[in-house]
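Please look over the sequence and the structure shown here, and then read the short report that follows.

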Amino acid sequence: MEALVGFMTSGMRYIMLAVVVYVVLRMLLALFFKKTTDPVRGKLVNTITDEEIFLYDRETSLGRNKKCDIVLPFDTISRLHAVLTYRNKGFVVFDTFSKSGVAVNGEKIDKKAFVHHGDTIDIGGLEYTLYEARYKFIKDKSRLIARPSYGIVLILIAVFNMCSLFLNLYSDGVFKPQIIVVYLGFIALQWIYFVFATFVLRIHNFELEMIAFMFTSVGLAIVGSIYPDAVLKQFLAIVIGVVGFSVMIVIMRNIDTLKSIRWVLAGASVLILGATLIIAETTNGAKNWISLGGISLQPSELVKIAFIFVGAVTLEKLQSIKNLTMYIIFSAICVGELFLMFDFGTALIFFFTFIVIAFMRSGDIKTLSLVCGVAAVGAVLIMILKPYVASRFSTYLHVWDYMDEGGYQQTRTLIYSASGGLFGLGLGNGELRNVFAASEDLVFGVVCEEFGLITGFIVPLVYGAIAVWAVLNAQKTKSAFYAIAGVGAIAMMLFQTMLSIFGITDLLPLTGVTLPFVSKGGSSIISCFCLLAYIKAVDMRTFASFKPRLEAEGGGEE
Amino acid sequence: MKTTARRGYVVLLLVLAVAVGMSVLAVRFATNGEKWATLRANEHLNENGSFIAAGNITDRNGELLAYTENEKRIYSDSERVRRSTLHIVGDTEGYIASGVQTAYKTRLTGYNPVTGIYSLKKHGRGNDVILTIDSQVSAVAYDKLNGRKGVVAAYNYKTGELLCSVSSPNYDIENKPSAEEINNNKDGKYEGVYLNRLIDGLYTPGSTFKIITTASAIENISDISSWKYTCKGEMLVNGVKVTCPRVHGEMDFEECFANSCNCAYAQLALKTGKENIIATAEEFGFGQTFDFGNSQTKASILDLSQADDGDLAWAGVGQYNTLVNPYHMLTVLGAVANDGTAVLPYTVASVTTPSGYVVEETTAQTRAYISAEIADAVKSMMRNNVKIKYGDGNFEGLSMCGKTGTAEISDNQTPHSWFMGFSDNPQCPVAIVVVVENGGWGSSAALPVASDVMEAIYKSLA
């Protein structure tokens with residue numbers, strides 16, 4: 001009997017590794033090689049030349065500037081003259097402070113006006129008629145890679161979780177009933193989401209969710225092994241995260257309602273971080289945890305969701321730098337508050353995300369360079385004025401000289417990661433788990449030691465691959481909001497991954513941030529699932545079924 | 001909208017940074033993984049700073065010299081064996097750097113870059129090491145040294161297997177004296193106790209160096225067989241006096257070697273010439289180091305660059321500033337015994353996983369020193385030494401060849417006592433080096449040790 005258990009235990013590490021490798025590779029392939037459809041929302045026809053302009057995007061910019069979606073190289077046209085947006089109610093044209101103005105059906109408009117089929121739009125003397133267009137351009141790369149069976153993927157992830165259940169149930173020789181509840185519950189949650197999303201949300205592609213479930217499974221295996229008492233809490237956070245993800249998918253389908261709540265969210269973010277600064281007690285050198293009625297949470301994790309949102313809602317003011325000022329002020333306050341909490345890792349993550357979003361909104365390298373410069377000077381000043389801040393990073397690049405002091409976590413991470421080899425020692429057989437913050441900041445090391453370097457390295461590489469995919473597909477979202485939110489969210493996640501892994505392996509200074517989806521922490525996992533909803537927005541198929549349906553008449557043009 | 005999306009390409013820089021960083025990390029794990037995983041801080045392998053994860057270490061006859069039980073390292077139950085094998089087996093704290101437990105640490109843990117230390121976790125112990133040492137012979141050598149400092153080392157000059165290697169002073173690893181006791185000891189009881197004198201030792205060779213001078217004379221003086229010398233007890237070279245303990249009278253070359261006549265060898269060194277002596281010594285491996293496990297031996301030194309004729313005369317009899325390493329001397333014997341080519345001694349026969357898979361098996365290295373003719377000529381003269389001087393009765397059945405040495409070290413110290421020899425019996429192809437520090441005459445201190453150890457080896461091989 002003992003031999004059988006031993007055999008199963010040693011065999012399981014290969015099963016778990018095989019599941020992780022297969023699931024992420026299969027999902028990435030499906031993500032990159034997929035069938036996409038490009039619906040046409042309408043067309044503009046020049047009243048004199050009969051030139052046709054097809055409108056694919058939810059926002060189309062018109063102007064003399066070459067960066068506009070439709071370039072009109074005439075003297076009467078302003079650099080950015082107008083933006084034509086497509087909403088559920090129809091087309092709306094915005095006059096973006098043009099000199100010669102915009103007119104609809106001969107009437108000069110003030111800021112914005114609805115445009116209906118058959119209406120004429122006058123843009124600085126050029127006259128166009130808006131027509132309904134009924135085409136779908138289909139790009140079909142699916143011949144290369146067959147559509148995956150998500151059922152099989154879910155079964156494989158369930159196998160992984162059953163392995164976790166088996167290995168964690170009797171660890172330390174103590175029977176732990178909550179282990180059964182959590183792992184079976186997690187498997188059930190995945191299937192419930194799958195059915196719900198298929199039939200209610202009408203989502204038909206689940207690559208990102210499957211990858212998230214896979215990494216969450218790795219994290220949950222570790223939490224159940226090291227902290228069996230905390231595993232129930234972690235599972236509840238995952239449930240909240242998946243619910244939050246679904247809610248956000250629904251909310252984001254209606255872009256029009258989004259605009260109105262952005263100032264509310266911005267204000268709330270500033271206030272929540274401010275409140276945290278006041279009421280939080282210092283834990284492990286940072287004031288970033290608050291306790292409410294027995295539930296402790298990390299507000300900065302939840303503010304991440306709002307931070308991306310506020311940055312991405314820019315809609316009609318495309319390419320205009322004038323709306324950047326308020327965003328800079330908002331971001332500066334958030335980053336400043338995080339800095340005062342001594343949560344430098346999160347402050348850096350917010351700052352980096354701000355730069356990405358602000359650049360996507362404005363392309364204003366000059367202003368952003370200035371902001372970076374100011375931030376750098378500020379950081380240096382703080383290091384000089386408060387030397388103990390700098391002293392936190394003093395072991396950077398010298399961890400082996402301070403093995404048992406400041407470099408303890410980093411050196412142990414390297415030692416035990418190397419001990420694991422490519423395939424790991426098996427769940428529960430590690431030593432790094434005994435080091436402080438093993439399942440949070442050091443979780444990359446625990447994954448490497450117990451699941452192997454292959455699994456450990458897969459995590460950042462998969463986030464990197466998703467980022468590449470998001471960037472390449474941002475344009476297909478047909479909306480600046482989806483593009484900015486999706487790219488911003490994956491950039492935030494990837495940057496955090498980089499800080500986490502490179503920090504504990506001494507490639508970067510140690511800032512102590514979590515590894516998305518894998519680290520223990522309720523606030524963190526909820527935040528990760530909600531951020532995933534933004535990334536999901538890049539996947540235009542998410543909202544395909546919800547758009548006003550257009551009959552496919554024309555053929556598939558490439 | 002399109003421009004907005006296109007600006008997102010800036011995030012590819014972040015992807016690039018992550019890819020570069022992960023590549024750097026991968027390279028570091030590949031190159032440093034072994035070093036990191038076997039650090040003392042790794043608690044898979046170490047308990048309170050002691051290396052407990054090693055597998056079993058056994059001698060050539062399968063006798064356990066060290067193993068781990070209940071996360072504790074346990075050694076042979078005989079104190080004689082523990083002490084005599086201390087420097088070969090080594091300690092778990094890494095003080096004895098050349099010991100197998102330190103030098104073979106990585107291989108003992110069973111670490112490899114693909115599976116890490118999984119084998120260790122699975123079997124509860126790392127890889128096993130089988131040594132070439134015979135622990136019972138080593139114990140005899142330890143007894144015979146009788147607490148005196150020095151080295152006893154014997155090896156099979158055909159295969160390279162080190163059969164016996166005892167370095168003194170040593171301590172009982174199961175009752176290790178405290179670090180303060182070792183460091184603060186004033187009477188020299190623990191002088192260089194962490195060093196294996198076989199590989200780290202450098203001694204004045206005394207008359208054993210005459211083996212080199214003899215070889216050089218044979219090589220460079222064509223009529224050496226008809227050469228004769230009359231010893232008057234002392235001789236003046238360039239104002240420097242070379243002395244013999246007694247007046248030897250007229251002798252041929254063979255008798256000069258057997259009587260170990262200093263005056264004759266001073267004369268021979270001058271006759272052979274400085275350059276030729278240096279050349280022969282270099283042919284014999286002077287100035288070279290040898291790999292022993294993960295350590296390197298000290299190189300023997302013959303530096304005649306500042307030497308005048310008086311110095312050359314003393315160098316010819318093994319004094320002056322010449323220093324030799326006992327391991328190197330074993331190879332010199334090996335070359336003389338084995339037609340001029342030395343098989344290099346080694347002590348780790350094989351490394352196997354707990355499931356029996358052989359990870360590593362040592363194949364002996366060789367170094368060609370001199371021609372077979374010269375080796376045979378030197379061998380027959382060394383055989384003659386035993387026949388007419390040291391007595392075959394001391395080495396029964398072995399057809400022993402040998403040379404003693406009495407190395408003067410300073411005016412007020414008793415000389416080091418040397419014996420270097422080998423058995424020409426094909427049943428027992430073993431060479432032995434014995435150094436008894438401050439032991440006095442080679443024939444009175446080192447020779448009896450060699451006699452008893454060779455007898456033990458002969459019995460063990462029978």
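## A strand pair in chain B

In this predicted model, Met400(B) has Ser423(B) in β20(B) as its bridge partner. The pairing to which these strands belong is antiparallel, with β19(B) (residues 400–407) and β20(B) (residues 416–423) joined over 8 bridges.

Strand β19(B) is mostly covered, since 8 of its 8 residues are buried. Burial extends to both of its faces: Met400(B), Gly402(B), Thr404(B) and Thr406(B) are buried on one side, while Cys401(B), Lys403(B), Gly405(B) and Ala407(B) are buried on the other.

## Chain B as a whole

Chain B contains 18 helices and 21 strands, and its C-alpha trace spans about 110 × 55 × 45 Å along the principal axes. Of its 462 residues, 54% are buried. Among the contacts in chain B with a separation of 6 or more, 67% are between residues 24 or more positions apart.

In soluble globular proteins, nonpolar side chains tend to be buried together. In this model the largest nonpolar core has 282 residues, and Ala467(A) and Val453(B) are those with the most contacts inside it. Helix α16 of chain A (residues 480–504) gives the most to this core, contributing 19 residues. Apart from this core lies another, of 20 residues, which includes Leu44(A), Val93(A), Tyr128(A) and Leu130(A).

Which residues does Ala467(A) touch, if those up to four places away in sequence are not counted? They are Ile490(A), Ala491(A) and Leu494(A), together with Val11(B), Leu14(B) and Val15(B).

Terms used: Residues are numbered from 1 along each chain as its sequence is written. Chains are lettered from A and ligands numbered from 1 in the order in which they are written. This is a predicted model: local features need pLDDT of at least 70, side-chain atom pairs count only at pLDDT 80 or more; totals for chains, interfaces and linings use all residues. A residue is buried if 20 or more other C-beta atoms lie within 10 Å of its own, exposed if 12 or fewer, and partly exposed in between; C-beta atoms are placed from the backbone. Helices (H or I, at least four residues) and strands (E, at least two) are DSSP runs, numbered from the N terminus. Two strands pair if DSSP finds at least two bridges between them. Two residues are in contact if their C-beta atoms, placed from the backbone, lie within 7 Å. A nonpolar core is a set of buried Ala, Val, Leu, Ile, Met, Phe, Trp, Tyr and Cys residues joined through C-beta atoms within 7 Å.
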